[in-house]
Amino acid sequence: MGDESVFVSHAPGDSETVERLFRSVRNFPFGVHVAANELGGVVSRESLKSRIDDSDIVVAVMTESAATDPWVNQEVGYAVARGVPVLPVYERHDDLGGYLADVDGVELDDDEMDETVFRLVSNLRGELTPLGSLDTPKWYVRFDCTVEECGDPVTLPITDQQRELWRLHDHGRTIHTDCGECGGRYHFDPATLGFLKREGP
């Protein structure tokens, strides 16, 4: 896994939306730090500023409530001041003011969440270049085999370009990988890279 990381800024009431957006993104080879989740614990604002400093990109989930949330706006402003790129994911373009007014982002459509996640992943793949070891692809999803008494690590390499992944999704196809130990096959949605099913062994 590389050292790349994503900082997610959002209003506290948007936790469910953030979970839907980042459920599969969390499986990528970089860290995802969700600001409001950390504030629920003992993490201070100084620690969050440090997280932003250490991030390669900030994703600002700009719903109507986030657009007026002082902490979201402060996190965006801090990221801009520190030279960290900010990618807005927005419900309405009118919610993009200040530093985000002229930034291309990802439109958030609750009725087409697969397409929204696909666009988010596309932007992250364009912005980040995770560095795997020489025998590991730069983009991959890694997990432990769920077959009873197996548990071997399994890697799904992501080698296709985003356009090809969307074409596969559009045609109802999956991408898959096999466990080298037991032969179990795991299928994923090409657009969201979310897990769909396991076959065998």
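Is Lys197 buried, exposed or partly exposed? Select Lys197 and take a look: at 42% relative accessibility, this lysine counts as partly exposed. Keep in mind as you go that this is a predicted model.

Glu199 makes a salt bridge with Lys197, and the closest N and O atoms sit 3.8 Å apart. Glu199 is partly exposed too, with a relative accessible area of 36%.

Now zoom out to the whole chain. Of the 201 residues, 45% are buried. Count contacts with a separation of 6 or more, and 58% of them join residues 24 or more positions apart. By the rule used here, the salt bridges number 8.

Next stop, helix H7, residues 162–170. Pick Glu164 and Arg167, which are 3 residues apart, about one turn of the helix. They form a salt bridge whose closest N and O atoms are 2.7 Å apart. Glu164 is partly exposed at 27%, and Arg167 is partly exposed at 38%.

Then jump to helix H6, residues 113–127. Select Glu115 and Arg119: this salt bridge has its closest N and O atoms 2.3 Å apart. The two are 4 residues apart in H6, so about one helical turn separates them. Relative accessibility is 27% for Glu115 and 31% for Arg119, both partly exposed.

Stay in H6 for Asp114, partly exposed with a relative accessible area of 34%.

Technical notes. Residues numbered from 1 in each chain as written. Predicted model: local features only at pLDDT ≥ 70, side-chain atom pairs only at ≥ 80, totals over all residues. Heavy atoms only, no water. Buried < 20%, exposed > 50% of the residue type's maximum accessible area, 1.4 Å probe, protein only. Contact = heavy atoms within 4.5 Å. Salt bridge = Lys/Arg side-chain N within 4 Å of Asp/Glu carboxyl O.
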